[in-house]
Amino acid sequence: MQFKTSDNVLLTYTSEGSGRSVLLLSGYSGIKEEWKYQKKVLLANNYHVLTMDWRNHGESMRTSKNLRIYRLAADISELIEHLGLEKVILVGHSMGASAIWAYVSLFGEDKIEQIITVDQSPKLINDDYWKYGSKDIYWNNFWVNISLLGKKHLNAIALNPEFVEELKEQREHYPFDYELNQPLLVNHMEQDWRDIISTIKKPQLFIAGECSPLWSSKYATFCADIAKDADVSVVKHAGHLVHMEVPEKFNQILLTFIMKKDDEE
């Protein structure tokens, strides 16, 4: 399925099942098919499951228009409005987490039930007072090291080979253009979401990979400490692709958190 954004970009999304709505959002260069294991278990537990390919990602339209995090936040908002959703659980991996924080900054929390962010530091540039950003990246070496990020091996645990083949086939049909999307990566890297995280009132869960090659998992504890209502789960031995590396463990953590609300009602 597709919908057209207010800046005339066609975005592809999926919508399956019924019940409480869960929107699964991938990271930079990620595709909606990465959520295969989460979709299966959420549908089995009677949730309405949505995925979306960002502009220039997966099956969505290619464009040089509005390649910045706040536009991705607007795309989330417009999908929610397009589907007439009253409340949604937002799950964001990597850059998808940043887009969620940008959404809160722009549109508030009225349509959010819960927020789950997966292996995403709130501030990617390190400085004298912040050491939980992208490893070895400071402002004085930003432009040199940012070009190396796309070459990092992101997982610490091998993915299921059949799953890898499925993703590879999808990516071959809809290749990702790193050069075209560099403005989006740069804009993503420049953000600092710590102030937003500290003001969110809805329940938050910070999931981090213990062996993430991008940043220290200690960022997640920091975020939980400054948030008003938050849990943290550091997944042992996992890298950056937690939901794909250890899907059963990840799904257990995810369901336990989102089902809290069912238990309270």
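Predicted model: local features only at pLDDT ≥ 70, side-chain atom pairs only at ≥ 80, totals over all residues.
Residues are numbered from 1 along each chain as its sequence is written, and side-chain values use heavy atoms, with hydrogens and water left out.

So where does Asn56 sit? Look in the loop between β4 (48–52) and α2 (69–83); helices (H or I, at least four residues) and strands (E, at least two) are DSSP runs, numbered from the N terminus. Asn56 counts as buried because its relative accessibility is 1%, with buried meaning under 20% relative accessible area, exposed over 50%, and partly exposed in between (1.4 Å probe, protein chains only). Leaving out residues up to four places away in sequence, Asn56 touches Met61, Arg62, Thr63, Leu67, Phe176, Leu180 and Asn181, a contact being heavy atoms within 4.5 Å. Its backbone is worth a look too: Asn56 has a positive phi of about 70° although it is not a glycine.

Asn66 lies in the loop between β4 and α2 as well. Phi of Asn66 is near 55°, again positive in a residue other than glycine. Asn66 counts as partly exposed, because its relative accessibility is 25%.

Now for the nonpolar side. A nonpolar core is a set of buried Ala, Val, Leu, Ile, Met, Phe, Trp, Tyr and Cys residues joined through side-chain atoms within 4.5 Å. The largest one has 53 residues, and Met52 and Ile76 touch the most other members. Helix α3 (residues 95–107) gives the most to this core, with 8 residues. Apart from it lies another core, of 22 residues, including Val49, Val91, Ile116 and Val242. Back at Ile76, the residues touched are Leu23, Leu25, Met52, Trp54, Leu90, Ala99, Ile100 and Tyr103, not counting residues up to four places away in sequence.

Zooming out, the chain has 10 helices and 8 strands. Of its 265 residues, 55% count as buried. Among contacts between residues at least 6 apart in sequence, 77% join residues at least 24 apart. The C-alpha trace spans about 50 × 40 × 40 Å along its principal axes.
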